[in-house]
Amino acid sequence: MRLTIARLALLAAAALGLASCQSSPKTTPVPSGKSASLLAMEQVAIAAHKCWIASKDPAFKTYQMANELNSYSGTPRFLLVPAKHYGGKPLLVVQAQGNSSRVDAFGPLMNEPLGARIGSDLARWQAGNPSCAAAA
């Protein structure tokens, strides 16, 4: 009987030892998804490309769009640059920062007559309306 109690004690100790070696359940990190700024900029950039560049809008004929949506700085943006000088100084910067869905636009084009149209287009697209023209 004494031998049986010793064996049970040994078996219990072994089971306890094995249980303590078990790793905790692995949890996979939940993907955070896209930031609010990236979601907002994707929506605006798609509409801007469709309405200004792909449609060959005469007001934007002399500009080319440079997308920088995959920015690791948390500031997705796109630029309008001179069509004949892609590496030139941006004439318009449209960006959103961090976890904000607010889109900002700045640059020399915003101070020209085209700036009012750019502002209204961006506001419409940011609000979720992807149309190329404001409703009359």
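Trainee: How much of the chain counts as buried?
Mentor: Of its 136 residues, 26% count as buried. Buried means under 20% relative accessible area, exposed over 50%, and partly exposed in between, with a 1.4 Å probe and protein chains only. This is a predicted model: local features need pLDDT of at least 70, side-chain atom pairs count only at pLDDT 80 or more, and totals for chains, interfaces and linings use all residues. Residues are numbered from 1 along each chain as its sequence is written, and side-chain values use heavy atoms, with hydrogens and water left out.

Trainee: What pLDDT does the chain average?
Mentor: The average is 81, and 72% of the residues score at least 70. pLDDT is the predictor's confidence in each residue, from 0 to 100. Over residues 25-31 it is below 50. Contact means heavy atoms within 4.5 Å.

Trainee: How many helices and strands are there?
Mentor: The chain has 3 helices and 4 strands. Along the sequence the pattern is α-α-β-β-β-β-α. Both are DSSP runs numbered from the N terminus: helices are H or I with at least four residues, strands are E with at least two.

Trainee: Which residues have the most contacts inside the largest nonpolar core?
Mentor: They are W52, F78, L80, V94, I118 and W125, in a core of 23 residues. Such a core is a set of buried Ala, Val, Leu, Ile, Met, Phe, Trp, Tyr and Cys residues joined through side-chain atoms within 4.5 Å. Two or more residues each come from helix 2, strand 1 (63-68), strand 2 (77-82), strand 3 (92-95) and helix 3.

Trainee: Which element gives the most?
Mentor: Helix 2, with 8 residues. Its buried residues include A40, V44, A48 and W52. Strand 1, strand 2, strand 3 and helix 3 are among what covers the buried residues of helix 2.

Trainee: How far does helix 2 reach?
Mentor: Its 19 residues reach 26 Å from first C-alpha to last, close to the 27 Å expected. The expected span is 1.5 Å times one less than the number of residues. Just after helix 2, K56 takes a positive phi of about 60°.

Trainee: New topic. How many aromatic pairs are there?
Mentor: There are 4. W52 and W125 form a tilted one, 5.2 Å centre to centre with 55° between the planes. W52 sits in helix 2 (residues 36-54) and W125 in helix 3 (residues 114-126), 73 residues apart. W52 and W125 are both buried.

Trainee: Why is the F60 and Y63 pair edge-to-face?
Mentor: Because their planes are at 65°, with the ring centres 6.4 Å apart. Rings of Phe, Tyr and Trp (its six-membered ring) pair if their centres lie within 6.5 Å; planes under 30 degrees apart are stacked, over 60 edge-to-face, and the rest tilted. F60 and Y63 are both buried. W52, F60, Y63, F78 and W125 form one aromatic cluster.

Trainee: And D57, where is that found?
Mentor: In the loop between helix 2 and strand 1. D57 has a relative accessible area of 12%, so it counts as buried.

Trainee: What does the D57 side chain reach?
Mentor: The backbone nitrogen of A59, at 2.8 Å. Leaving aside neighbours within four places in sequence, D57 is in contact with C51, W52 and R117.

Methods. A polar contact is a pair of N or O atoms within 3.5 Å; within protein, one must be able to donate a hydrogen and the other to accept it, and residues adjacent in sequence count only if both atoms are side-chain atoms.
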